[in-house]
Amino acid sequence: MIDDSSNFDLKSAKASIQKAILDCTIRGLNHTTKWLSELNFALKDIEIDPAERVHTDPAVFGNEYDTYFLSKSYFDVREYDRCTHHTEKSTTPVCRFLHLYAKYLSLEKKKVEDMTDDWPDPKVNSRLQSLCVDMRADYLEWKLDCYTLYLYGVVLKRRDLHNEAIQVLVEAIHKEPLHWGAWVELATLIPDRTKLKTLLLPDHWIKQFFLAHTYLEQQLNDEALEIYGQLQNQGFGHSNYVLAQTAIAYHNKRDVVKAIATFTKLREQDPLRLDNLDTFSNLLYVREMKVELAYLAHHASDIDKYRVETCCIIGNYYSLRTEHQKAVLYFQRALRLNPQYLS
């Protein structure tokens, strides 16, 4: 059911979203930046007084602007070790986060590069122990802000310390509710509605997005659809994310006709979007819609042949053509690109 946190002013919500976009952008939190930017675009008809726009606090950079620009340039081209080196002694919030985040991404990157045919558990990285110890010390001394708390929660999760991870991620969310990445990481640690009800979450409108997302992960599709319908009525009717999640809910309910119709509408609104099209290809495969699946495979390949979703779509295409060796090749490629991928 929808609670009081669903009551909000769209103008103030949009201003807060734009502030969060800036904060996430300077920290290299690209997926959350993308998600928030799409949400912001869904509110394009909502006008904000320029005087009400919130800007990033210069204090987060302190006197480390030069260090930030250099290290962020290395971060953006995935030279994580160089970024870590140049921020080793940084103390300002943004540079400190970049240091820890670059170190984490470097360790994750090396884990994937070192993978053998034995395929170790992609969710666990033993290399993270040292980073976890360092961040725990900062945590106990109250040195972590909302973004470093989020990162610490992610590290705890990768170390299989799930109860601690939940506690830390909830703390991070209370400090910055609009960091969507923290909500998504938290959702993966909530196995059922009983556990969900024990969480002390902030009374913020974005909680409705989290609840719907979590219900969808738990196959509580009707509950998710109810919330997404409410969000569409409350101002997010142009959100492609909400539309995609609605399509996935119909897919989970095995309502193939509605799912295909919703995905088709999504593609009309955002024809170059690849997110979730692997699920769409599953539907076309089940319905044996060979022509449509062939077109989707060619279209996705033209956009980005090395995206995980594209590999899955092409795998489904070859599978429907009973070319199983080629299908397996593309499904394996999807797993190589993202070892945690599950279509």
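Reader: Why is Ser-71 called buried?

Author: Ser-71 has a relative accessible area of 0%. Buried means under 20% relative accessible area, exposed means over 50%, and partly exposed is in between, using a 1.4 Å probe and protein chains only. The value for Ser-71 falls under the cut-off, so Ser-71 is buried. Before we go on, this is a predicted model, where local features need pLDDT of at least 70, side-chain atom pairs count only at pLDDT 80 or more, and totals for chains, interfaces and linings use all residues. Residues are numbered from 1 along each chain as its sequence is written, and side-chain values use heavy atoms, with hydrogens and water left out.

Reader: Where is Ser-71 found, and what is it in contact with?

Author: Ser-71 is found in helix H3, residues 65–76. Helices here are DSSP runs of H or I with at least four residues, and strands are runs of E with at least two, numbered from the N terminus. Leaving aside neighbours within four places in sequence, Ser-71 is in contact (heavy atoms within 4.5 Å) with Cys-83, Thr-87 and Leu-98.

Reader: How do you know that the side chain of Ser-71 has a polar atom close enough to the backbone oxygen of Tyr-68 to count as a polar contact?

Author: The two atoms lie 3.1 Å apart. A polar contact is a pair of N or O atoms within 3.5 Å; within protein, one must be able to donate a hydrogen and the other to accept it, and residues adjacent in sequence count only if both atoms are side-chain atoms. Ser-37 has 31% relative accessibility, so Ser-37 counts as partly exposed.

Reader: What makes a set of residues a nonpolar core?

Author: The members must be buried Ala, Val, Leu, Ile, Met, Phe, Trp, Tyr or Cys residues, joined through side-chain atoms within 4.5 Å. The largest such core has 109 residues, and Tyr-104, Leu-186, Trp-205, Phe-209 and Phe-210 touch the most other members. Helix H5 (residues 93–113) gives the largest share of this core, 10 residues.

Reader: Why is this core said to lie between domain 1 and domain 2?

Author: Both domain 1 (197–255) and domain 2 (274–342) give residues to the core, so the core lies between them. The domain bounds come from an automatic or database domain assignment. The C-alpha centres of the two domains lie 26 Å apart.

Reader: How do you know that Phe-210 is buried?

Author: Phe-210 has 0% relative accessibility, so it counts as buried. Its place is in helix H11, residues 207–217. Beyond neighbours within four places in sequence, Phe-210 is in contact with residues including Trp-180, Trp-183 and Leu-186. Phe-210 and Val-184 are 26 residues apart in sequence and 7.4 Å apart in space, C-alpha to C-alpha.

Reader: Why is the pair Asp-275 and Lys-34 called a salt bridge?

Author: A salt bridge is a side-chain nitrogen of Lys or Arg within 4 Å of a carboxyl oxygen of Asp or Glu. The closest N and O atoms of Asp-275 and Lys-34 are 2.8 Å apart, so the pair passes. The two residues are 241 residues apart, with Lys-34 in helix H2 (residues 30–42) and Asp-275 in the loop between helix H14 (256–269) and helix H15 (277–286). Asp-275 is buried, because its relative accessible area is 17%, while Lys-34, at 37%, is partly exposed.

Reader: How many salt bridges are found in the whole structure?

Author: A search finds 19 salt bridges. One of them joins the side chains of Arg-193 and Glu-223, at 2.8 Å from N to O. Arg-193 lies in helix H10 and Glu-223 in helix H12 (residues 221–236), so the pair ties together parts that are 30 residues apart in sequence.
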